[in-house]
Amino acid sequence: MENSADVCKKSIEEAIKEAKKTSYDGVIKNSYEKYKTDGDEVKMYNTISSYLTSTYKYSEVISNIILLFNEKTDMEYYTYSNVAGSTYSNINEFKRNAALAVKMGARELGTETKLVYISGHLYIVRNIVTSNFKPFTTVVMEVNTSAVLKNLENVVWTKGHIVYIDQAVIDKTENLSNRDVKIMNRFAKQFVDPKAKLTNTETEWTYESKSTLTRFSVMVNNQKLTAIIKLDKDTIQNERRIFIVMYVIIFLLLIPLLIATFYFFFNNITKPVNMLMEASNKIENGEYGYKIDEFNRNKEMGKLIDTFNHMSVGLHDSFNRIYAEEVAVRDANMKALQSQINPHFLNNTLEIINWKARLGGNDDVSDMISALSTMMNATLDRNNEPFITIEEEMTYIDAYLFIIRQRFGEKFKFELDIDENLLNIRIPRLIIQPLVENAVEYGGDKMGKREGSLKIYDDKDNLYIVVENNGTLSKSEEEKIISLLNDDGTYDIESRKSIGIRNVNTRIKIIYGEDSGLTIKNKDETKTISIITIKKDNVARKDKTEQ
């Protein structure tokens with residue numbers, strides 16, 4: 001609509017410009033002034049006719065042009081456009097129906113240009129004046145309305161149109177029904193009032209949806225041009241149906257895509273996320289070590305699930321280790337409780353027995369009771385000191401070895417090789433004595449001889465406590481010890497018999513880290529060796545803390 005209004009306005013303005021050219025070119029005016037001087041009308045006729053023919057013979061917007069002189073002449077000055085499809089009959093029709101009215105109206109026109117609609121034709125009327133501004137002829141050009149208004153046919157969904165100049169109908173589509181024409185004329189009445197002026201650059205728009213009418217109004221040559229266009233409702237609805245069908249088809253085509261998208265997101269995102277949430281709930285409920293099946297559909301989710309499985313296994317191992325540590329502590333407490341049954345009563349009893357033995361001159365018994373008392377003090381830990389020096393730990397070992405020598409006599413030999421520079425180092429209470437006891441209890445050859453040794457030394461990184469005995473481990477015993485020291489979670493009667501070495505290993509790892517610990521293995525075909533390894537850096541930090 002906007003383009004049509006602009007093209008129609010410019011086409012009519014182009015026709016008006018053609019009318020003004022007759023004055024600006026000066027051919028008609030100069031020919032007339034020569035005629036007034038020499039009286040040669042034939043010469044004036046030839047000049048003006050040649051000018052009109054050459055200028056307007058092939059005009060598309062001007063159908064024909066005729067000059068109406070104010071004084072009587074014997075000649076007719078006119079031409080018509082072959083391009084516009086005009087003939088001489090159009091000139092005769094003008095002379096019969098419109099010439100007189102145009103001539104009468106031109107008297108008040110002056111030098112202005114006016115669009116006039118008479119008897120179904122649109123004319124451009126303009127006076128040509130002499131040098132003293134006196135009109136001597138009137139130029140009348142019939143506008144080819146089909147050419148200047150043809151762009152209205154390009155309006156989408158158009159069924160027909162009616163065009164007004166001021167209040168006069170200058171063009172109407174032939175195939176409009178009488179009902180449509182009445183509706184359009186009634187609709188136009190409120191817009192064609194020539195008093196309702198617009199600026200030359202202004203365009204008014206109106207759309208009436210009920211009757212599907214649209215209207216534009218523009219100013220042309222200071223006159224109001226109004227076009228009422230009837231839109232084809234059936235065509236609009238048909239195209240609307242086409243759009244609806246297109247949208248439905250597009251929607252139907254999108255359904256498989258949406259399903260595929262949903263399937264992709266469900267299998268690659270929603271499903272693995274639900275698996276992770278379910279697994280998290282299981283871990284929250286205590287199922288440590290729960291693993292999700294391997295997921296290969298999505299690289300990122302697969303990596304996330306793999307990480308989750310590693311975390312779950314790590315939690316399982318951590319809780320097993322913590323549980324084992326708690327069991328070891330519990331067993332140690334049980335053993336301590338068993339050895340602390342009424343400790344004051346036992347100590348007092350031992351002191352009485354020791355006193356009577358000395359009074360009776362039985363020094364061996366007295367020494368054994370003193371050694372046993374020392375062992376009991378070590379177990380009772382009355383000062384509640386978890387860390388003691390190696391020197392103090394050796395007093396407990398000496399007491400234990402004294403008792404054992406009394407038990408086995410000459411069949412028992414045990415050597416000590418202790419670096420005196422290490423005696424002040426603080427270690428956990430009772431981690432050496434259980435190894436010596438273990439070596440004594442499970443050592444010995446076929447003759448019943450029990451031989452062993454204790455060596456304590458260090459290097460740049462580690463402190464070593466090494467106990468040897470003359471006995472070897474069977475393959476099944478080695479497997480049991482490995483299982484015991486690795487703390488694989490098993491806990492049976494056999495394990496309870498070896499609770500001492502299990503407790504020693506667990507305490508060392510808890511205090512000094514996984515790099516420290518106890519190992520027990522066959523040294524050769526005749527000896528078994530037990531080695532405690534403690535990182536010196538960790539010992540130093542522990543010493544500093546204790547001090």
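Over the ring of which residue does the charged end of Arg-215 sit? In this predicted model, where local features need pLDDT of at least 70, side-chain atom pairs count only at pLDDT 80 or more, and totals for chains, interfaces and linings use all residues, the answer is Phe-191, with the charged end 3.9 Å from the ring centre. Residues are numbered from 1 along each chain as its sequence is written, and side-chain values use heavy atoms, with hydrogens and water left out. A charge sits over a ring if NZ of Lys or CZ of Arg is within 6 Å of the ring centre and within 35 degrees of the ring normal; Lys-57 is placed in this way over the ring of Tyr-80, 4.9 Å from its centre.

Rings of Phe, Tyr and Trp (its six-membered ring) pair if their centres lie within 6.5 Å, and planes under 30 degrees apart count as stacked, over 60 as edge-to-face and the rest as tilted. By this rule the count comes to 13 aromatic pairs. Phe-69 and Phe-136 form a tilted pair, 6.2 Å centre to centre with 35° between the planes, and this pair links strand β1 (residues 62-69) to strand β5 (residues 135-143), its members being 67 residues apart; strands are DSSP runs of E, at least two residues, numbered from the N terminus.

How values were computed: Helices (H or I, at least four residues) and strands (E, at least two) are DSSP runs, numbered from the N terminus.
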